[in-house]
Each structure stands twice: as structure tokens, then as C-alpha cells.
Amino acid sequence: MLNVRMNNSKITVYVVSCWIFAAFGGLMFGYDIGISGGVSAMDDFLIKFFPHVYQTKLHAKENNYCKYDNWLLQLFTSSLYISALFASFFASKAATKLGRRTTILIASIFFIVGAVLSAVAKNKLMLIFGRILFGIGVGFGNETVPLFLTEVAPIQHRGAVNIMFQLFVTIGIFIANLVNYGTSMIHPYGWRISLGFAAIPAVILCIGCFVITDTPTSLIERGNEEQGKSTLVKIRGVSDVEAEYKEIVAECEQAKQVKQQSLKNLLKPASIPPLVIGVLLQVFQQFTGINAIMFYAPVLFQTMGFKANASLLSSVITGIVNVGSTFVSIYLVDKVGRRKLLLQACCQMLISQLAIGAILVTSLSETGTLNRTLAAIVVLLVCTYVMSFAWSWGPLGWLIPSETFPLETRTTGFAFAVSTNMLFTSIVAQLFLTMLCTMKAYIFFFFSGWIVVMGLFVYFFLPETKGVPIDSMVERVWMQHPIWKRLF
Ligand code: BGC
């Protein structure tokens with residue numbers, strides 16, 4: 001059966017357009033990760049919305065490890081993730097009832113309105129409201145785009161196609177950093193341009209929704225068998241799709257036997273392993289410390305003695321490494337598999353973090369700088385760290401939960417993974433500065449400890465899912481696994 005499916009597809013211009021358009025959902029998410037920190041550091045922005053914060057910041061005592069920290073500003077960043085967290089559950093219902101394509105369309109509309117509202121904001125209320133709408137857009141997009149890509153991908157390229165989401169996340173982060181660098185020199189409304197530009201990927205996504213198709217699984221699940229079959233022919237680029245069509249129909253029939261997307265189903269044996277894995281992968285993804293690097297790289301690079309253009313330099317370096325290494329993952333994920341990438345990256349991230357921690361603990365005081373050689377070594381280590389995250393925990397945190405749930409819990413189960421990501425992203429954003437101030441360079445050892453835990457988790461609990469049809473996970477993966485098989 002597997003071989004039939006593998007041979008039966010061609011990569012057509014149409015299907016590639018579907019992947020690219022949908023992946024713009026990732027660009028919206030990445031753009032926001034990249035834009036918020038920079039905007040909330042712009043003086044014009046602070047003077048307009050948070051004048052007290054600005055005054056306090058002018059007189060704040062900072063050193064290498066204790067940067068200015070304000071809960072209201074952090075709330076500005078986190079409000080988006082908190083609204084995305086709740087939105088992902090509504091999105092899961094929409095993805096089941098209305099289909100994947102319509103849900104992506106809804107995401108793009110929320111995002112466009114949110115971007116416009118934030119860009120023209122006259123007061124705090126408008127600004128926060130804009131953030132909440134942005135957040136709903138992110139929640140709907142992150143819930144649906146990875147599922148969409150997984151469901152339309154031919155099985156032998158499923159990993160690579162899904163990783164287009166993460167590729168666009170990394171491109172979004174990179175573009176946002178460049179935009180912020182440019183707009184920080186435009187007074188007094190540069191921040192408006194930064195926030196408003198978010199509408200561009202959203203408009204492209206919105207237009208794309210009229211080009212892309214819904215997934216065959218979603219169409220058949222909602223009773224449109226004929227359309228599901230013709231869509232399958234269209235996206236596979238061949239006329240004989242009978243075998244795959246029958247498998248999807250069987251999967252939908254099986255899902256119909258139980259009450260769809262109900263929370264109770266998540267506690268049944270077939271859904272427990274993907275739920276535990278999906279949620280923990282997202283917790284671990286954030287505890288790699290990646291967003292501490294993504295949000296605070298400029299501060300870190302300045303600390304290490306890079307003076308002029310430190311923030312541009314740091315975002316260009318980490319941005320290029322992040323985007324470039326994601327291609328490595330696209331190339332390797334369906335060849336070497338998911339487990340090897342995750343385990344290899346744990347080793348590389350661990351060595352990088354331990355070495356950064358050791359250098360900073362021994363050579364960087366609270367007020368001094370590193371010497372040039374050590375600073376260059378730390379930059380190199382940040383790159384080896386970002387590189388390994390980008391070909392492993394970054395993309396696979398989204399891929400694995402999207403391919404392991406059975407259809408009856410796919411959208412609800414994935415919503416748990418998405419909301420966990422949102423929750424832990426905001427926790428890291430909220431707590432990192434305080435932790436850095438208390439733990440100093442030892443914070444790198446804190447993240448290293450987590451990397452050991454996640455490596456062990458992958459080794460013992462995460463089975464390989466490369467090349468397994470998504471509708472055969474129970475028999476071919478969970479029932480064969482030394483630990484998970486005990487559930488059946
Ligand atoms: C993560 C983000 C992170 C980004 C970095 C994503 O997979 O969910 O939190 O900022 O990767 O590229």
C-alpha cells in the first residue's frame with residue numbers, strides 16, 4: 001500500500017503554489033515574533049503609549065545581565081500569544097466544520113484587521129485590541145497551516161512540505177528584524193510602519209486562499225467525496241489515485257464512528273501518545289531557550305563588545321543561519337528521519353550552550369565586555385546553536401504533532417500543541433529578563449539542563465514517523481513501540 005502511494009504523485013506547479021501560499025501563514029507568525037521586541041524598544045512608541053515606562057527607562061540602572069524590564073511592556077508582547085492560545089481551540093472547531101482553507105482565510109482576515117488597527121492606533125485600547133486580533137490570526141493560522149501542509153503533501157515528501165511553514169516563520173523573523181532596523185530611524189512613526197507591514201503577508205495569504213484547494217481529507221470528512229477525489233487528482237498530478245482515496249475514505253469512516261474532535265477521545269489509547277508528545281515537544285522547543293536568543297540577540301551581541309550596528313549585525317547573522325539551516329531540514333527530514341535530527345541537535349545545542357555559559361561565567365563581569373577573540377567565539381557558538389535548532393526542534397515541533405493524531409482528534413489534539421507553544425513562548429518572553437538578571441550567565445546552564453531532559457525524552461518516547469501514512473500511525477507506530485504499545 002505504501003509503495004502504491006509513493007509512486008502515485010507528481011509535483012505540479014499547482015501543488016507547489018498551494019504549499020507556498022499556505023506557508024505565508026508561517027510568515028505572519030514569524031513576522032510577529034521578530035517585530036514585537038524591536039517596536040517596544042522604540043522611544044517614539046514608548047513616549048506615545050507608555051510615557052511612564054519611557055521615563056523610568058531613562059533612569060533605569062542597567063548592566064550586562066540586568067536589562068530594563070517592565071511588566072506592562074511584556075504584556076504588550078504576550079497579549080498576542082495569550083489571545084492566540086485561546087483562538088487555536090476555536091480554530092480547531094472551524095478547521096473541522098468549515099474546512100482547512102476557510103479557516104486559513106479567517107486567519108488572514110483577522111491578521112489584516114489587526115495589522116491596520118495597530119498601525120493607526122491612537123490610544124492603548126486600540127493598540128491592545130489590534131494585538132488581540134493579530135493573536136487570533138496567529139492562533140487560526142498556526143492551527144491550520146501545518147495541518148493543511150501535512151494533509152496535502154505526498155507521503156514521501158510530507159516532512160519537507162510541512163517544514164515550509166517553519167521556513168516561512170524564519171523568513172518572517174528575518175524580514176521583521178530588517179524592517180525594525182530601518183523604521184527605528186524614521187521618527188516619530190517608524191513603529192507604525194513596522195506593525196502595518198504585517199498586513200502584507202496576510203493579504204498574500206488571503207489572495208492565496210482563492211487559489212489553494214481544501215485538503216482531500218477535509219473535503220471527504222465533510223461529506224464531499226467527489227470533490228475530495230477530484231482534488232486528490234489535481235494535487236497529485238496523476239489520474240490513478242484510487243488507493244490513496246480509499247485510505248482517506250476509510251480513515252473518515254473510522255473517525256465517524258466516534259464523536260468527532262471530542263475531548264474525551266483525546267484520552268483514548270490512539271490519541272494519548274500524540275497528545276503527550278505534541279504538548280511536550282512544544283514545551284521543550286521553548287525550553288531550548290531559542291526565543292531568549294531570538295528576542296534578545298541584539299542585547300547579547302552588544303554585551304559582547306559589538307558596538308555600532310550591533311542589532312543589525314546580530315539579526316542578520318542569526319537570521320541568515322536560521323533560514324539557511326531550515327533548508328537542511330527540508331532536505332534531510334524525509335531521508336534521515338525525525339529522531340536523528342532531534343538527537344543530533346540536542347548534542348550540538350548542549351555543547352554550544354555549555355560553552356557560551358562557561359565563557360560568559362568566566363570572562364564577562366556585570367559591567368565589562370569580552371575581548372574580541374572570545375566575543376567572536378561566542379558569536380560562532382550562537383550560530384552553531386541556532387543552526388541546530390533550525391534543522392530540528394524548530395520545524396519538528398510543528399511537523400510531528402501535525403502528522404501523528406488520528407483524524408477524529410487531529411484538529412483538537414493539534415490545538416493543544418499550538419496553545420502550549422503560545423503559552424510557553426509568552427512565559428519565556430515574560431520571565432527571561434528577570435531570570436537573566438538573577439541567574440546571570442548561569443541561565444545557559446539552565447537551558448542546557450532542559451536539553452538533556454528533552455534528548456532523553458526523544459530517545460525513549462519518540463518513535464520514528466518518517467514514511468508512515470498518517471492514517472496508519474496506530475498499527476505501524478504506537479502498537480510497535482516498546483513503551484506506548486502497553487496502552488493497547
Ligand atoms: C518557534 C518559535 C521560534 C522560531 C525560531 C518556531 O518554530 O515556535 O518560537 O521563535 O521557531 O525560528
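Me: Among contacts in the protein chain between residues at least 6 apart in sequence, what share joins residues at least 24 apart?
Reply: This is a predicted model; local features need pLDDT of at least 70, side-chain atom pairs count only at pLDDT 80 or more, and totals for chains, interfaces and linings use all residues. Residues are numbered from 1 along each chain as its sequence is written, and side-chain values use heavy atoms, with hydrogens and water left out. Contact means heavy atoms within 4.5 Å. For residues at least 24 apart, the share is 81%.

Me: Is threonine 288 buried or exposed?
Reply: Threonine 288 sits in the loop between helix H14 (272–287) and helix H15 (290–303). Helices here are DSSP runs of H or I, at least four residues, numbered from the N terminus. Buried means under 20% relative accessible area, exposed over 50%, partly exposed in between (1.4 Å probe, protein chains only). Threonine 288 has 0% relative accessibility, so it counts as buried.

Me: Which residues touch the most other members of the largest nonpolar core?
Reply: A nonpolar core is a set of buried Ala, Val, Leu, Ile, Met, Phe, Trp, Tyr and Cys residues joined through side-chain atoms within 4.5 Å. The largest has 127 residues. Helix H2 (residues 13–40) gives the most to this core, with 14 residues. The residues that touch the most other members are Phe29, Phe45, Phe50 and Trp393.

Note on methods
Helices (H or I, at least four residues) and strands (E, at least two) are DSSP runs, numbered from the N terminus.
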